[in-house]
Amino acid sequence: MARMNVNPTRMVLTSLKRKLTVAKRGHKLMKDKRDELMKQFLELARENKVLRESVEKELMEVYGSFAIASAVMSPQLMSEALMYPTQGVDIDVSSKNVMSVNVPVFAFTAEEAEGANIYPYGFAGTSGELDSAVKSLSRVFPRMLELAGKEKQADLMAQEIEKTRRRVNALEYVMIPRLTETIRYIRMKLDENERGNQTRLMKVKDMMVQAALIERRKETEKALEEYH
Amino acid sequence: MYKIGVIGDKQSVSGFLAVGLSVFPCEDLEKAKETLQKLIDKNEYAIVYITENYCKEMSQEFEKYKDSQLPAIIPIPGMDGSYGVGVGRSKKAVERAVGVDIIYGNQE
């Protein structure tokens with residue numbers, strides 16, 4: 001792993017060490033977040049799967065009954081019957097925070113006209129098949145809404161997991177090794193400097209001792225000469 | 001307050017009128033794409049259901065709005081049955097999150 005291009009000084013070393021601690025703590029937190037997200041996501045995905053399968057099945061049944069109704073009734077009559085719905089559906093979107101992912105929550109309010117039922121037509125001109133088709137559709141509908149909410153949540157969570165995982169990997173395989181490597185490099189360099197200094201000092205001391213010795217020897221010789 | 005839109009071939013979607021959704025029958029793919037874009041631009045629709053016979057060709061649009069909070073674009077089977085688009089989408093989400101698909105795997 002490539003080390004960073006920094007000056008090998010004590011100050012840089014300290015700041016890098018601090019960075020490493022932060023990176024390590026961040027890595028741990030991110031990892032925990034990823035694990036928890038994953039857990040919740042998988043739960044959601046399983047629920048989602050069951051829900052989608054059942055909604056699809058029910059919808060197919062609804063289509064079946066609509067097909068029967070349209071076989072019994074003329075197309076004009078059919079579209080006329082469905083033309084003016086008695087209930088308008090509005091949905092309220094609030095947002096919920098799941099592991100720092102903002103997911104929309106759909107709540108629907110059906111505005112029904114006073115005393116009206118779900119059938120937007122009079123019973124005279126329509127067949128009973130259409131009634132049951134509409135009824136079963138209005139029964140599936142809340143589940144379709146739930147499905148929409150769950151699928152959106154799954155998408156958003158998948159995105160967040162991907163992001164978090166990328167961060168975890170970047171910290172684990174790039175940031176932390178690089179920091180460790182650089183810290184090691186600086187420490188080696190500083191140690192090396194220290195040793196260099198030590199030897200230099202020893203050498204200087206040697207030279208000084210040598211010089212002092214020669215000086216002393218000269219003095220002794222001078223004294224001896226004077227004595228003779 | 002948001003509304004719910006349904007895009008699809010006329011046969012499949014006309015029923016949704018009865019429960020109070022906004023229905024946009026489209027006879028071909030181009031029209032469906034156009035309608036979807038219009039609905040998204042309007043910013044009034046929180047959920048848009050699209051029948052699968054159209055949305056199997058609309059993966060680009062799906063990708064684009066996958067990561068935004070609204071709208072939720074959800075495939076539903078049409079009159080002619082499910083093409084597995086909806087399931088495929090959830091499968092992709094799992095693959096994206098986990099790396100491999102561990103939930104829908106042994107289905108096909």
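Let's start with a crossing: helix α1 of chain A passes helix α3 of chain A in a left-handed way. Left-handed means that the near helix is turned anticlockwise from the far one by less than a right angle; clockwise would be right-handed. Helices here are DSSP runs of H or I with at least four residues, strands are runs of E with at least two, and both are numbered from the N terminus.

A word on the source. This is a predicted model, where local features need pLDDT of at least 70, side-chain atom pairs count only at pLDDT 80 or more, and totals for chains, interfaces and linings use all residues. Residues are numbered from 1 along each chain as its sequence is written, while chains are lettered from A and ligands numbered from 1 in the order in which they are written.

Back to the two helices. α1(A) covers residues 10–72 and α3(A) covers residues 128–227; they pack at about 165°, with axes 4 Å apart. That angle makes them roughly antiparallel. The cut-offs: under 35 degrees is roughly parallel, over 145 roughly antiparallel, 65 to 115 roughly perpendicular, and the rest oblique. Axes are lines fitted to C-alpha atoms, for helices over the stretch in contact, and angles run from 0 to 180 degrees between N-to-C directions. The contact of α1(A) with α3(A) has 37 nonpolar, 10 polar and 21 charged residues. Nonpolar means Ala, Val, Leu, Ile, Met, Phe, Trp, Tyr, Cys and Pro; charged means Asp, Glu, Lys and Arg; the others, Gly among them, are polar.

How confident is the predictor? Chain A averages a pLDDT of 85, and 90% of the residues score at least 70. pLDDT is the predictor's confidence in each residue, from 0 to 100.

Now chain B. The contact takes 45 residues from chain A and 34 residues from chain B. Contact means C-beta atoms, placed from the backbone, within 7 Å. Which element gives the largest share of the side of chain B that touches chain A? That is α5(B), with seven residues. By class, this side of chain B has 21 nonpolar, nine polar and four charged residues.

α5(B) meets α3(A) at about 20°, with axes 8 Å apart. The two are therefore roughly parallel. This crossing is left-handed. On the α3(A) side, the residues include A:E151, A:A154 and A:D155; on the α5(B) side, they include B:S90 and B:R96. The residues of this contact divide into six nonpolar, one polar and four charged.

Most residues other than glycine have a negative phi. A:M99 has a positive phi of about 50°, and it is not a glycine. A:S100 has a positive phi too, near 65°. Buried or exposed? A:M99 counts as partly exposed, with 16 C-beta neighbours inside 10 Å. A:S100 has 9 and counts as exposed. The rule: 20 or more other C-beta atoms within 10 Å is buried, 12 or fewer is exposed, and in between is partly exposed.

Last, A:A107, in strand β2 (residues 101–112) of chain A. A:A107 counts as exposed, with 11 C-beta neighbours inside 10 Å. Not counting residues up to four places away in sequence, A:A107 touches A:I91 and A:D92.

Terms used. Contact = placed C-beta atoms within 7 Å.
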